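Open the model in your viewer and keep the sequence panel beside it. The stops below say what to select next and what is there.

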Amino acid sequence: MTSTTTQIPKWSFKADYVETCNCDYGCPCNFIGFPTYGSCHALVLFHIRSGSYGDTSLDGLDFIAAQYWPKAIHEGNGTTQLFITNKANEEQRQALIKIYLGQAKGDAPFALFAGTFKYILEPQLVDIKINLNGKKSSFSVPGVMDVQTEAFANPVTGEQQDTRIQLPKGLVWKLAEAAKSKIMRITTQSLNFDHSGQNAFYAVVEYKGP
């Protein structure tokens, strides 16, 4: 009997990762598992530098995960919606959906997170605009969401601070540049929040499966 794993094609990608959430700077979820204000709201961009899902190239594709959990992530009952660049063809779109929903397994956090979602909203094919510049990055979906991040500044000198968090056993990233959101908002029927001025991270991540 063929196992499910053997039916999943080999996949991998390396991506720029921009995370924004409603937690205070540094995000205590990374240390104690519980968000600053009880619930978790996040908008996360993945810009795939290079990657593939079987024979399907994922090079240059962008996708955004909009996420909400009423309590800590591991306590479940979350809601998520995936926004995929309209530059993706059908094979690429299906590959990203399978990866994000954990169906492609692997060492990425997606399979674990998938089990925490109660509501998985229909993925959207959209025009994603991005500007990658480390801690000073931005991404948006016109009329839907807008995110801009910025670096911390020394309160005395005004000099940009190089603040990083290293988590050798981190699930999502191992090393991230700590930043803050200048703008972080989404307006849809199911996900509607604005947490500008809160936590943000920039990292480069690499995942593979199955």
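## The whole chain

Begin with everything selected: 49% of the 210 residues of the protein chain count as buried, where buried means under 20% relative accessible area, exposed over 50% and partly exposed in between (1.4 Å probe, protein chains only). This is a predicted model, in which local features need pLDDT of at least 70 and side-chain atom pairs count only at pLDDT 80 or more, while totals for chains, interfaces and linings use all residues. Residues are numbered from 1 along each chain as its sequence is written, and side-chain values use heavy atoms, with hydrogens and water left out.

Switch to a cartoon view. The protein chain has three helices and 14 strands; these are DSSP runs numbered from the N terminus, helices being H or I of at least four residues and strands E of at least two.

Show the C-alpha trace next. Along the principal axes, the C-alpha atoms fill a box of roughly 65 × 40 × 35 Å. The radius of gyration is 17 Å, which agrees with the value near 17 Å for a compact globule of 210 residues; the radius is taken over C-alpha atoms, and the globule rule is 2.2 Å times the number of residues to the power 0.38. Of the contacts between residues at least 6 apart in sequence, 65% join residues at least 24 apart, a contact being heavy atoms within 4.5 Å.

Colour by charge. There are 19 positive and 19 negative side chains, and the centres of the two sets lie 3 Å apart. Lys and Arg count as positive, Asp and Glu as negative, and His and the chain ends are not counted; each charge is placed at NZ of Lys, CZ of Arg, CG of Asp or CD of Glu.

## Two cysteines

Select Cys27 and Cys29. How far is the sulfur of Cys27 from the closest cysteine sulfur? The distance is 3.8 Å, to Cys29, which is too far for a bond. A disulfide is a pair of cysteine sulfur atoms within 2.5 Å, and a search of the whole structure finds zero of them. Cys27 is buried, at 5% relative accessible area.

## A buried glutamine

Go to strand E4 (residues 62–69) and pick Gln67. Is Gln67 buried or exposed? Its relative accessibility is 7%, so Gln67 counts as buried. The C-alpha atom of Val44, 23 residues away along the chain, is 8.3 Å from that of Gln67.

## Loops

Move along to Asn77, in the loop between E4 and strand E5 (78–85). Phi of Asn77 is near 60 degrees, a positive value in a residue other than glycine. Asn77 is partly exposed, at 46% relative accessible area.

Select Lys105 next, in the loop between helix H2 (90–100) and helix H3 (110–114). Lys105 is not a glycine, yet has a positive phi of about 55 degrees. Its relative accessibility of 37% makes Lys105 partly exposed.

Then take Lys136, between strand E8 (129–131) and strand E9 (138–141). Lys136 is partly exposed, with a relative accessible area of 44%. Leaving aside neighbours within four places in sequence, Lys136 contacts Asn131, Thr149, Glu150, Ala151 and Gln160.

## Strands E1 and E2

Select Ser12 in strand E1 (residues 11–21) and Ser50 in strand E2 (residues 40–53). Ser12 is partly exposed at 32%, and Ser50 is partly exposed at 36%. Which residues does Ser12 touch, not counting those up to four places away in sequence? They are Ser50, Gly51, Ser52, Tyr207 and Lys208. Ser50, with neighbours within four places set aside, is in contact with Ser12, Phe13, Lys14 and Asp59. The C-alpha atoms of Ser50 and Phe13 are separated by 5.7 Å, at 37 residues apart along the chain.

## The last residue on the tour

Finish at Pro210, in the segment after strand E14 (199–209). The peptide bond from Gly209 to Pro210 is cis, with omega near 0 degrees.
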